Amino acid sequence: MKKLPLILLIITLASCGGPEPRRPVQMKTSTINTSIERSKKLLVLEESMIEAIIKKDSINEYTHSNTGAWYYYVQKNDEATYTPQPNDMVTMTYTVMGFNNDTIYTQDEIGIFNYIVDKQELFPGLRNSVKLLKEKETATFLFPSSLAYGYHGDDNKIGVNVPIKATVTLLAINKQQDSTQN
């Protein structure tokens, strides 16, 4: 009889574990890898499109930026030396076109606008490209979709994974006191 309480105590302690979580029937580990592979293939395709555009354009001299865009100057300002630094306010205009030169957003639609460098939202390619220009310079940039509006688009005129061409004019740079001279 003395063993019965001891057995009940052991059974009670053993059954005190919490509920065991359910496990998925089949685990999908390849979802991320599939997405990465799809993105790599898309980038290779878009880079080949950019190469074809550059090869076809014998007039302009293209430069490759360290962020992955290609660009050429429409108007260069050799007298200026300063490029925008974080916290500077730039006044700029730009247009957005597809790789087939179809206009997506005109300069009039976008208008002249002020941008505080690295403090306001712009699509990644434009955010990085602004820092390459000096006052009174205009350049045309070719962005793969990963530097444009990516897999989401802009919820308006730019669809999913659309590479774009943007012509950007930097009208003025309002230097902030903590910016340093280039």
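Student: In which strand is threonine 138 found?
Tutor: This is a predicted model, in which local features need pLDDT of at least 70 and side-chain atom pairs count only at pLDDT 80 or more, while totals for chains, interfaces and linings use all residues. Residues are numbered from 1 along each chain as its sequence is written, and side-chain values use heavy atoms, with hydrogens and water left out. Strands (E, at least two residues) and helices (H or I, at least four) are DSSP runs numbered from the N terminus. The run of residues 137-143 holds threonine 138, and that strand is E6.

Student: Is threonine 138 buried or exposed?
Tutor: Buried means under 20% relative accessible area, exposed over 50%, and partly exposed in between, with a 1.4 Å probe and protein chains only. Threonine 138 has a relative accessible area of 8%, so it counts as buried.

Student: Which side chain makes a polar contact with the side chain of threonine 138?
Tutor: A polar contact is a pair of N or O atoms within 3.5 Å; within protein, one must be able to donate a hydrogen and the other to accept it, and residues adjacent in sequence count only if both atoms are side-chain atoms. For contacts in general, the criterion is heavy atoms within 4.5 Å. Beyond its neighbours within four places in sequence, threonine 138 is in contact with Tyr72, Tyr73, Val74, Gln75, Thr167, Val168 and Thr169. The polar contact, at 2.9 Å, is with the side chain of threonine 169.

Student: How many bridges pair E6 with E7?
Tutor: Two strands pair if DSSP finds at least two bridges between them. E6 and E7 are antiparallel, and leucine 142 has lysine 165 in E7 as its bridge partner. The number of bridges between E6 and E7 is seven.

Student: How many bridges join E3 to E7?
Tutor: Strand E3 spans residues 89-98 and runs antiparallel to E7. In this pairing, threonine 95 stands opposite threonine 167 in E7. The bridges joining E3 to E7 number ten.

Student: Why is strand E7 described as largely enclosed by the rest of the structure?
Tutor: Strand E7 covers residues 164-174, eleven residues in total. It is largely enclosed because the number of its residues that are buried is eight.

Student: Which residue's side chain is joined to that of threonine 167 by a polar contact of 2.9 Å?
Tutor: Threonine 167 is in strand E7. Not counting residues up to four places away in sequence, threonine 167 touches Thr93, Tyr94, Thr95, Met97, Thr138, Ala139 and Thr140. The 2.9 Å polar contact joins its side chain to that of threonine 140.

Student: What is the relative accessible area of alanine 69?
Tutor: Alanine 69 is found in the loop between strand E1 (63-64) and E2. Leaving aside neighbours within four places in sequence, its contacts are Thr63, His64, Leu142, Phe143 and Leu147. Alanine 69 is buried, with a relative accessible area of 0%.

Student: What is the positive phi of aspartate 118?
Tutor: Most residues other than glycine have a negative phi. Aspartate 118 lies in the loop between strand E5 (113-116) and helix H4 (124-129), and at 32% relative accessibility it is partly exposed. Although not a glycine, aspartate 118 has a positive phi of about 65°.

Student: What is the volume of the largest pocket?
Tutor: On a 1 Å grid over the protein atoms alone, a pocket is an open set of points where a 1.4 Å probe fits, with protein on both sides within 12 Å along at least five of seven lines; lining residues have an atom within 4 Å of a point. Grid points are joined across faces, edges and corners, and a volume is the space filled by probe spheres set on the points. The lining of the largest pocket includes Arg38, Glu46, Tyr151 and Asn161. The volume of the largest pocket is about 180 Å³.
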